[in-house]
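Let us walk through a protein chain together.

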Amino acid sequence: MGEIYKAAAQVIIWLGEGNSETASAFEALGSMGRARLAMYHSRQEEALELALTVSEQSKENISAVFEMPWFYRLWTVQEVALPDVEKVLSGYPWDVLLNAGAYIQAHPTMKGRWDEATRLQRLISGRLMAARGQVKSHLFSAISGAPVVDTLSIFIAARQKQSTKPEDRVFSLYSVLKELGVQLPLPDYSKPVPQIFAEAAIAFIEKDQSLDMLLEALSDTRRPGLPSWVPDWSSPGWHATDPRRRCLRYDFNAAGSSVSTWTFEDTRRLITRGIFIDLVHDCGPPLQFSDHTDRCMETQNLPLSESENEELSYEMSACFEVLRYWIEIAMRQYAYSTWRARMEAFRRVVFCDGVDLKDKDGRIKSFMRWHDLIMGEDIDDLPRSLIPTNMEVWSTAMTQGSWLHHLSVLRCARNKFFFRTEKGVYGIAVRSVRSEDKIALISGVRVPVVLRQSAGETYCYVGFAVVDGLMDGRSWKETEEIILV
């Protein structure tokens, strides 16, 4: 199909059955796209006239358009990505709809799922337009900024799309990726799915010249038989806002100025270089709570039923116990010179920011007050004896600063595992770790990783972590070979 789309003189795309509401929505999108283009060319009066033609009702209908199944299917991506000619959706050129997207992004109240529905199509369109020397400056923001993105970003976006067969998570993008210079083997449905996924991972590493693939290899579900370093492309992975990805927002440089190195013996063994720094010694349980509790923390006056109150009280109590246990682990060994140094290190890894706060920053005092409350005897009976009517009851149990700090700790540390290493320093991992797991730095990877010994001198990749003192590259030195399976 890829060659057919590339050879087409024009592509008319059918999105599904329409009605008066979708017709109104597409008319509005057309006006928005032309208005945005007029604004770009400083035709202010024309832009205003076009914007005024968009009714409030049609704005409401737009959200329904981006719920249409076409936008979430992987095989349909090539319909707008590959043809080097005009593409028409419901009577409107694709370029006009891209510009409409930029208009929508400037008006968040009417955005709906525009970004999720079109992100992959925009990323690929931008890459192909750049490769063909056809990038139009007025489309830069419509395709999410500069069109030069790494290949891995495309596949991360593709994980949010749908396909019937797991093999099609890779095969549906074969023609598009070939156009981008990614050397994938020919589609072959007789191959095992783990092999297909591993071959895709290898192709992305080779194309991007990076081992950032390791940071995307984690997900809540994994297909049996996959090498530990290969993402399960059939799983959506962790959303960008997932707190487990928090440390990736910061400019950490654990491996110093090193560049990624790798070789592959086969599709199961990734051979790289790195340093084994330490071992996990003590580790605590994960800090877990439901999405409902998270919403209660966000909206403290959310009305709750009796059963919801009970669930909230139970989860808040469990979180107190987990955090107390984490602090007890931190106190078991004095690798830090003072109690305050230990608490500041604990704060750095819990918040995953690696930041040293100065005394003038009130966050240190808030954190210390929070610690005193968590470890104080007077809080022992509070979560069990109190069934709150809403989150205000919890907030009145603490001083305002401690309460806000408590909410921040819960959100930052959610679904993570605190640990103390053999050398006595603190860390927090995004997946379950156990005693004797190894803390390592990998060439070109900006955060430390946790590895678990497998057969012989090979290791399974457990996940990435924040480890106090290892985030700035000062521990990077002479390396050795590390084999991941």
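Buried means under 20% relative accessible area, exposed means over 50%, and partly exposed lies in between (1.4 Å probe, protein chains only). Helices (H or I, at least four residues) and strands (E, at least two) are DSSP runs, numbered from the N terminus. This is a predicted model, in which local features need pLDDT of at least 70, side-chain atom pairs count only at pLDDT 80 or more, and totals for chains, interfaces and linings use all residues. Residues are numbered from 1 along each chain as its sequence is written, and side-chain values use heavy atoms, with hydrogens and water left out.

Start with helix α4, residues 56–65. Its buried residues are Ser 58, Asn 61, Ile 62 and Val 65. They sit on the same side of α4, because they cover an arc of only 120° around the axis. That arc is taken from the directions from the helix axis to the C-beta atoms. Turn to the other side of α4: Glu 56 and Glu 60 are exposed there.

Now look at the loops. Gln 209 lies between α11 (193–208) and β4 (263–264). Its phi is near 55°, a positive value in a residue other than glycine. Gln 209 is exposed, with a relative accessible area of 52%. Asn 415 is in the loop between α18 (400–413) and β6 (417–421). The phi of Asn 415 is near 65°, also positive in a residue other than glycine.

Finally, step back. The protein chain has 18 helices and 11 strands. Of its 485 residues, 53% count as buried.
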